[in-house]
Amino acid sequence: MSAFKDIRDYVAIPRVLSLKLSPDGSRLVSAVQSLNPDGTSYGTSLWSLPLDAEPYRLTRSAKGETGTEFTAAGDVLFTSRRPDPTVKDSDEEVPALWLLPRGGGEARQVATRPGGIGAARTAGDVVVFASDVLPGDEATDEERRKARKDAGISAILHEGYPVRYWDHDLGPGRTRLFAARLGADRLEDVRDLTPDSGSHLDDHLDFALTPDGATVVTTWTVPLDAGRQRTEIVAIDVATGERRTLFAAADHDFEGPLRISPDGARVACSRSRHTALDVSARSELWIGELATGEGRAYADDLFPMDLAWAPDSSAVYLAADHQGRRPVFRVSLDGAFDRLTTDDAAYLALNASPDGRFVYALRSGYHAPATPARIDVATGEVVELPSPAPALELPGTLTEITALADDGQEIRGWLVLPKDASAENPAPFLLWIHGGPVSSWNDWSWRWNPWIMAENGYAVLLPDPAMSTGYGQHMIDRGWGDWGPRTLADLDAIVDQTLKLPEVDDTRLAAMGGSFGGYMANWVAGHSDRYQAIVTHASLWNLDQFAGTTDASMYWQREFGVPGSERYTRLSPHAALDKITTPMLVIHGDKDYRVPIGEGLRLWWDLQRSNVESKFLYFPDENHWVLKPGNAVAWYETVLAFLAQHVLGQEWKRPESVA
């Protein structure tokens, strides 16, 4: 039976999340997410993937494990909230650092902190890790946390922006980096490398350690006036804590992915320019000298999604969106770059083998979820490796479709067709608009999975309209500052082309999207009457309201200006409320700080007072996405019931999952 038939079977499918190659190149380790025995939550375990044998599970704790790093000896470091069996009443509230010996045996806890331990990096016997520390003396952090908890204090006093991120509040603790030495049993000589870091390490932290363990290179967020900020790359001497700025520019952010060359001479990262009313988003590979900070941009029009250095430090392997795929490119230090993979897949988690022959990566796409793969550097040949997760049989076919927009630009997308779609039995049509907006439909998504819709008989179009990545800077420029009108024109063009196919029913149509896709779903509702149903998830509705309540107002206002300006008025979906007649399903999570719940509540009220037929699916405990397995079941079942009512003409049947 298809795993997409019953949503409960779908949410139980194990998922490969990461891939890490051991220093000697003999094995890979993956974090695999699977349904916990209670069926209401997910857990994560580590799996070993030997290159010459079948995968096997390494860890089995109820709390799960993440953050895999190899030591020089091949032992595995990871973080977990599992209890320490050697300590009575050990604290399970915060993650600790654990070590799993290469030769097998039980994992042992090697470090813990009052604020928990986040990411860790190793080189030789040096370990650098991140931890949350309350402002003030790090030595008294634990007692100050206890006093705050005992007094019942949850208040946080802010003196700068931002105050929250994605789904959690920032503060009162702040991230610091610590250096230590890997001893026989635990980390030793633990030292605070960044006692003055304040909020500099809180936002999009990524860091790397030089092969000799002497220098840690990290992102460093710098607050500016008027709530603005920029991100730089700094180098910190592990022995002294001395810090120097490596890459910085007034009109750019230097961000992760951040990688240091094996010879320790160069740093590769992503450089993103600051947008403005007439300056669109652009990211590029940046490589600079660790000693001097001198660097340059590489690989025009390729937005870096992941990086790995060649073992001889002569080139960088780059995963970047391209024409609805995410190939691996080889970028030489002389500036030349070539596409290494030629298939339709999307690659992430790049690892170059020590002998330089292969790149190991997670390979996925709309044809399959992530699975480990080996790429031959000389030929580009790709071989999928045994995976801890099962292969899936898809309930339909995947094809590519293109159309010309009104300005002559080619618009392409993926079309998912159910197995039984034909001219005699055309499938009802579902337009699914991606988020971003600087993004692309090119990779498998557990949150937004078109195969569930195909299993239920829908033809699903996944288009890349204006502002999609992988089509050159011009594609992004076309929609900059013109979100709704330009994007809708592109969508109309490719929808028109799709509806000409005999396997697609041009009389039964629906549209849906989340985040920016939700914005566009709202825009479509107010500017088109061709659809019988619209689903809008985590959507922007009143732009003026949204601009000051999102967790990243400074980024938003670069493109749209200060609230109340012309662009807000012209591009806000709520301005077309009086034109909306299409039934709408509104979906929003209360913990969504990127598009705050106020947008969903305002949209819902506006639809109610305007007597638009609508329903509101509300998740009190979810963020921008719906991540808990039970809630995912409720999401898909409600969407399918809503579409069945308005597109298929069936009687409304309230899903049991939300009854």
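User: How many aromatic pairs does a search of the whole structure find?

Analyst: The search finds 30 aromatic pairs. Rings of Phe, Tyr and Trp (its six-membered ring) pair if their centres lie within 6.5 Å; planes under 30 degrees apart count as stacked, over 60 as edge-to-face and the rest as tilted. This is a predicted model, in which local features need pLDDT of at least 70 and side-chain atom pairs count only at pLDDT 80 or more, while totals for chains, interfaces and linings use all residues. Residues are numbered from 1 along each chain as its sequence is written, and side-chain values use heavy atoms, with hydrogens and water left out.

User: Why is the pair of Phe 358 and Tyr 360 called tilted?

Analyst: The ring centres of Phe 358 and Tyr 360 are 6.2 Å apart and the planes stand at 55 degrees, so the pair is tilted. Phe 358 and Tyr 360 are both buried, a term that means under 20% relative accessible area, with exposed over 50% and partly exposed in between (1.4 Å probe, protein chains only).

User: What makes the pair of Phe 616 and Tyr 618 tilted?

Analyst: Here the centres lie 6.1 Å apart and the planes meet at 50 degrees, so Phe 616 and Tyr 618 also form a tilted pair. Phe 616 counts as partly exposed because its relative accessibility is 22%, and Tyr 618 is partly exposed because its value is 37%.

User: How do you know that the charged end of Arg 164 sits over the ring of Tyr 593?

Analyst: A charge sits over a ring if NZ of Lys or CZ of Arg is within 6 Å of the ring centre and within 35 degrees of the ring normal. The charged end of Arg 164 is 3.8 Å from the centre of the Tyr 593 ring. Arg 113 likewise lies over the face of Phe 178, at 4.4 Å from the ring centre.

User: What makes Glu 138 and Arg 113 a salt bridge?

Analyst: A salt bridge is a side-chain nitrogen of Lys or Arg within 4 Å of a carboxyl oxygen of Asp or Glu. Between Glu 138 and Arg 113 the N to O distance is 2.6 Å. Glu 138 lies in the loop between strand S11 (126-133) and helix H2 (141-150), and Arg 113 in the loop between strand S9 (108-111) and strand S10 (117-123), so the pair ties together parts 25 residues apart in sequence. Helices (H or I, at least four residues) and strands (E, at least two) are DSSP runs, numbered from the N terminus. By this rule the structure has 52 salt bridges.

User: Why is Arg 113 called buried, and why is Glu 138 called partly exposed?

Analyst: Arg 113 has a relative accessible area of 12%, so it is buried. Glu 138 has 24%, so it is partly exposed.

User: How do you know that Asp 407 and Arg 486 form a salt bridge?

Analyst: The closest N and O atoms of Asp 407 and Arg 486 are 3.8 Å apart. The pair links distant parts of the chain, with Asp 407 in the loop between strand S32 (396-404) and strand S33 (410-418) and Arg 486 in helix H5 (residues 483-498), 79 residues apart. Asp 407 is partly exposed because its relative accessible area is 41%, whereas Arg 486 counts as buried because its value is 12%.

User: What makes strand S22 and S23 a pair?

Analyst: Two strands pair if DSSP finds at least two bridges between them. Strand S22 (residues 283-289) and S23 pair in the antiparallel sense over 4 bridges.
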